[in-house]
Amino acid sequence: MRIDIITVLPELIKSPFEASILKRAISKGLVEVHFHNLRDYTTNNYKTVDDYQFGGGAGMVMMVEPIDKCITKLKAERNYDEVIYMTPDGETLNQQIANSLSLKGNIIILCGHYKGVDQRVRDHFITREVSIGDYVLSGGELGAAVLCDAVIRLIPGVLNDETSALTDSFQDNLLAPPVYTRPAEYKGWKVPEILLSGNFPKIEKWREEQAYERTKERRPDLLKKK
Ligand code: 6GU
């Protein structure tokens, strides 16, 4: 998989790819991530990427031209399966979206800023618009980092058995059950007996019940989706 991230603030989004699982996925060659500074595609002397909006109103709008130049250059080099725009008015990211994007070959992610991008960018280049939740961020970069993390960890070979994605919360619209590690008793606080029993079919059944109870308690909306 190859991800090309278009941004006015590359320094804001690079660091998550330089540690832990994402770093390992890149060094194993399972994913390539490239950053493109939109200012490198400007044609004016001031390298401005935004301008006042037609019709008036507060807030700047990202201009078509630098975005067109950047996306057109990338598309001339290879085919892309998706051109994603990170925006608070996109579809809210969930595990299903992450699953489906993890199966793609090449994707472009455009990070929005200010009042967003000129609508013509959305009409002519964007195949999918993604938000990471119902709150406003200063820009799409942190959203893009969240999306990339959720997607990259699902690429086969990125996680080892220990961190397997199959038992994650949300993977089957259930939250994960509680987990414990040594010691079996700390300050009188005991680990549930069943987990020490060695009876693996019973342990599995307990975990399923706990996952169900936790979901019913905290996220009953997920059970309706099952
Ligand atoms: Cl992707 N961008 C911005 N600016 N705000 C957001 C968001 C994205 N997702 C939720 N809020």
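Helices (H or I, at least four residues) and strands (E, at least two) are taken here as DSSP runs, numbered from the N terminus. The structure described is a predicted model, in which local features need pLDDT of at least 70 and side-chain atom pairs count only at pLDDT 80 or more, while totals for chains, interfaces and linings use all residues. Residues are numbered from 1 along each chain as its sequence is written.

The secondary structure of the chain amounts to eight helices and nine strands. The radius of gyration, taken over C-alpha atoms, is compared with a globule rule of 2.2 Å times the number of residues to the power 0.38. For the 226 residues of this chain the rule gives 17 Å, whereas the radius of gyration is 22 Å, well over that value, so the chain is more spread out than a compact globule. Along its principal axes, the C-alpha trace spans about 70 × 40 × 35 Å. A residue is called buried if 20 or more other C-beta atoms lie within 10 Å of its own, exposed if 12 or fewer, and partly exposed in between, with C-beta atoms placed from the backbone. By this count, 24% of the 226 residues are buried.

The chain is divided into domain 1, covering 2–152, and domain 2, covering 169–225; such bounds come from an automatic or database domain assignment. The centres of the two domains, taken over C-alpha atoms, are separated by 37 Å.

Five strands form an open sheet in the order E2-E1-E6-E5-E7, with parallel pairing. The edge strands are E2 (32–37) and E7 (128–131), each of which pairs on one side only. Neighbouring strands of this sheet are turned by 30° against each other on average, direction ignored; for this angle, axes are lines fitted to C-alpha atoms, for helices over the stretch in contact, and angles run from 0 to 180 degrees between N-to-C directions. Two strands are said to pair if DSSP finds at least two bridges between them, and E5 and E7 pair in the parallel sense over five bridges. Within this part of the structure, Met86 stands opposite Val130 in E7. In general, the strands of a sheet pair through backbone hydrogen bonds, either parallel or antiparallel.

The peptide bond from Arg182 to Pro183 is cis, with omega near 5°, and Pro183 is located in the loop between helix H6 (141–152) and strand E8 (185–186). Lys187, in the loop between E8 and strand E9 (189–190), has a positive phi of about 50° although it is not a glycine; Lys187 is exposed, with 5 other C-beta atoms within 10 Å. Ser20, placed in helix H2 (residues 20–27), likewise has a positive phi, near 55°, in a residue other than glycine, and Ser20 counts as exposed with 11 C-beta neighbours inside 10 Å.

Further residues lie in loops. Ser197 is found in the loop between E9 and H7 and is exposed, with 11 other C-beta atoms within 10 Å; the C-alpha atoms of Ser197 and Asn99, which are 98 residues apart along the chain, are separated by 35 Å. Gly198 is found in the loop between E9 and H7 and counts as exposed, with 8 C-beta neighbours inside 10 Å. Arg219, in the loop between helix H7 (200–218) and helix H8 (220–225), is partly exposed, with 16 other C-beta atoms within 10 Å. Arg219 and Asn173 are 46 residues apart in sequence and 9.4 Å apart in space, C-alpha to C-alpha. Arg39, in the loop between E2 and strand E3 (50–52), counts as partly exposed with 15 C-beta neighbours inside 10 Å, and the C-alpha atoms of Arg39 and Leu222, 183 residues apart along the chain, are separated by 42 Å.
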